[in-house]
Amino acid sequence: MAGIVSLALTTLGAIAAPASATAVEHAAAPFDTGAAVASLHRLLPAQARQISLIAEPRSATGADSFTVSGRAGAVTVRGTSPATLLTGVGWYLRNVAHVDIGFPADSTTRLPTRLPAVPSAFTDAAVVPNRYALNDTDAGYSGAYRTFADYQHEIDVLALHGINEMLVTVGAEKPYYDALQKFGYSPTDLQSWIPSPAHQPWWLMQNMDSFDGPVSAQLINARAALGRRICDQLRALGMTPVLPGYFGTVPADFAARNPGTNVIAPGDWVGFTRPSWLDPNDPAFAKVAASYYAAQSADFGNSTMFKMDPLQEGGTPGNIDVTTAATAIQSALEQAHPNATWVILGWQSNPSAALLAGVDKSRMLIVDGLSDRYDNLDRESDWGGTPYAFGTIPDFGGKNTFGANSAVWVSRFHQWLTKSGSMERGIAFMPEGTGTDPAAFALFADLAWSSSPIDQSAWFANYSAARYGGPDPAAAAAWDELRQGPYSMAAGTWDEPQDSLFTARPALTAATTASWSPDAMRYDASTVQTALHDLLNVAPALRSTSAYKFDLVNTARQALDNRSRVLLPQINAAYTAKDLTTFRALVAEWNTDEATLDRLTATDPHFLAGTWLAGTASWSADPAERARLQYDARSIITTWGERTQADDNGLRDYAAREYSGIIRDLYAKRWSAYFASLDTALSTGTAPAPIDFFAMDDAWAHAANSYPTTTTGDPYTVASAVAAALPPIAPAAPTARS
């Protein structure tokens with residue numbers, strides 16, 4: 001699809017479609033358009049009545065398709081599902097009306113009162129059946145305490161982009177809670193075993209348990225109710241909720257409570273003890289699985305796709321035969337949901353050849369997390385002809401840094417799709433946290449609707465014409481710079497950009513914030529700085545949209561981040577040379593930049609610590625629970641766990657966020673304390689005093705102070721100051737191909 005819109009997690013109230021909504025009804029319509037009409041009224045409340053949505057059957061090929069036509073003020077979209085009708089609307093908004101609904105922010109305030117005519121009817125069809133979204137980690141790194149309105153908007157805009165499958169893990173603890181009470185566990189036992197919501201994704205992946213508990217029964221039930229509403233919303237739009245399947249996770253003492261069962265300990269995961277694994281070959285497994293699936297169906301309704309990753313990231317099988325275990329896992333799924341698809345992540349050595357040897361591959365879909373990360377991949381050979389989705393994980397931990405290997409996407413997706421014997425059946429957009437990079441999402445989603453390789457340059461030109469509500473030469477120039485820089489990173493080693501050093505654990509030689517991030521620039525930093533100046537020159541009429549404000553703040557933030565990678569080595573050199581005057585001048589610049597970063601991020605609602613933390617209050621039944629949930633939300637983006645996980649196993653700052661409030665109260669204070677110790681050392685000729693940075697981090701994670709949820713300052717004014725203060729950068733080749 002030449003261009004569709006991107007996606008935001010703005011809290012919107014559910015807006016029911018008026019009784020007179022403009023959905024054309026036919027007696028023999030293949031589906032009810034009501035849910036799509038309701039979405040349209042949520043997205044475009046002032047113009048929705050000018051768009052008619054008409055249900056049409058799929059063609060003989062079975063592919064989803066839409067057609068957009070119509071005169072001014074009377075646009076018609078025909079489509080093969082409710083979600084595909086919205087996909088057609090998304091195409092119209094981007095390519096005809098020239099506005100964008102982004103992930104995050106939008107330019108819909110630029111829509112005219114009367115919608116423009118479609119010059120000529122346009123038809124498009126999906127080139128792959130599976131259009132999958134969300135990482136297993138999403139419920140943690142995108143925000144565990146969102147509302148139904150947040151998820152409803154997310155689903156609406158996923159549909160605008162042509163996505164038809166979404167992973168749903170909200171409330172996934174409830175089936176375990178219900179099922180395991182039949183196998184010797186009390187509610188209290190299970191409430192202590194289940195982690196708090198932000199950490200639950202890793203429990204579902206069999207990596208950890210029992211963190212920051214106990215969870216309350218009211219929280220379990222409330223999350224299950226939300227999960228059911230999310231699933232129902234997806235079904236109403238003809239989209240598939242992908243639910244967690246059961247592959248044997250049990251508490252460590254399961255064998256003691258169920259004598260004779262074969263239960264093994266899969267080992268540790270970055271300092272956490274993994275939950276135990278009930279042997280799928282054991283007769284008890286089928287009973288637990290049946291109880292789990294029955295509870296899940298009662299709680300969430302049914303589905304045709306279930307996500308399971310046994311032995312994820314290095315779990316050890318002990319005496320369990322992985323091949324026969326895989327057969328038993330799929331058999332239990334088949335018993336509960338005949339002909340269901342087992343979805344599994346392509347990551348590191350997952351899925352193993354031993355696992356694939358035990359399954360009916362025709363009923364498995366591998367969502368590949370590494371399609372754009374490495375070169376010389378042959379997924380048909382790697383996975384023995386198992387169907388897979390071309391996938392990307394362009395953001396780890398939901399960090400704010402932007403960029404993607406998009407040039408790799410536009411060439412490799414079609415190469416793999418058209419090769420002889422291809423088993424590529426879809427796309428899988430799987431950043432670990434969503435809502436940070438609207439351009440990356442929009443482009444990747446378009447792959448699934450493009451019958452030929454996307455022209456990356458033309459795509460970004462088209463995107464720039466819609467992002468702020470109309471064509472603008474400065475916007476086009478900015479996005480072409482960004483295309484050539486952060487959106488054209490190469491494959492080979494990484495699929496994410498370098499992170500910020502302002503959020504790094506202080507050290508003169510720091511090269512990353514997260515332990516597993518690139519340690520050097522992956523593109524020419526001058527492209528971002530030039531793009532910032534271009535964005536400041538966008539026509540004043542286009543600067544009022546939330547999309548423009550977000551992109552301006554985000555680009556200024558990235559330009560500052562990139563400066564940190566120049567400045568820190570200079571500080572190191574001055575300290576090594578014992579040049580106290582230069583050291584102090586450079587440290588002053590660093591401190592000023594970090595303070596500016598906090599002021600800059602305070603101007604946009606998507607960069608506020610208060611926004612991240614606010615939702616915990618509504619989920620809490622009492623002050624004690626609120627404290628636990630606050631720690632859950634704070635720790636996941638700082639310490640992650642205790643000292644063992646944070647320092648000894650490298651999880652600290654994995655999901656570091658450049659949010660106003662946390663920059664000022666944690667990152668800047670860490671660096672200030674560090675530089676003060678170095679200054680004293682230079683002044684006195686002594687060794688720098690050691691600093692317990694984990695203690696600082698943990699104190700912030702356990703703090704109870706509140707942060708604003710409303711912005712302060714003007715984004716244009718602060719971004720202009722950033723642009724003026726940054727030294728010019730001469731265009732240069734990236735410092736490292738990786």
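Visitor: What should I know before I start reading?
Guide: The model is predicted, and local features need pLDDT of at least 70, side-chain atom pairs count only at pLDDT 80 or more, while totals for chains, interfaces and linings use all residues. Residues are numbered from 1 along each chain as its sequence is written, and side-chain values use heavy atoms, with hydrogens and water left out.

Visitor: How many residues has helix α23, and what span does it reach?
Guide: Helices (H or I, at least four residues) and strands (E, at least two) are DSSP runs numbered from the N terminus, and the expected span of a helix is 1.5 Å times one less than its number of residues. Helix α23, residues 623-635, has 13 residues and reaches 18 Å from its first C-alpha to its last, close to the 18 Å expected.

Visitor: Which residues of α23 are buried, and what do they pack against?
Guide: Buried means under 20% relative accessible area, exposed over 50%, and partly exposed in between, with a 1.4 Å probe and protein chains only. In α23 the buried residues include Glu625, Leu629 and Tyr631, and the buried residues of this helix pack against α8 (217-236), α21 (609-614), α22 (616-619) and α26 (693-702).

Visitor: Where is serine 81, and is serine 81 buried or exposed?
Guide: Serine 81 lies in the loop between β4 (74-79) and α2 (82-97), and counts as buried because its relative accessible area is 7%. A polar contact is a pair of N or O atoms within 3.5 Å; within protein, one must be able to donate a hydrogen and the other to accept it, and residues adjacent in sequence count only if both atoms are side-chain atoms. The side chain of serine 81 makes one with the side chain of threonine 84, at 2.8 Å. Contact means heavy atoms within 4.5 Å, and, leaving aside neighbours within four places in sequence, serine 81 is in contact with Phe31, Arg58, Asp64 and Leu237.

Visitor: How many cavities does the structure hold, and which residues are closest to the centre of the largest cavity?
Guide: On a 1 Å grid over the protein atoms alone, a cavity is a set of points where a 1.4 Å probe fits but cannot get out, and lining residues have an atom within 4 Å of a point. The structure holds six cavities of 30 Å³ or more, and the largest cavity has a volume of about 110 Å³. Of the 13 residues that line the largest cavity, Asp136, Leu204, Met205, Pro244 and Lys307 are the closest to its centre.

Note on methods: On a 1 Å grid over the protein atoms alone, a cavity is a set of points where a 1.4 Å probe fits but cannot get out, and a pocket is an open set with protein on both sides within 12 Å along at least five of seven lines; lining residues have an atom within 4 Å of a point. Grid points are joined across faces, edges and corners, and a volume is the space filled by probe spheres set on the points.
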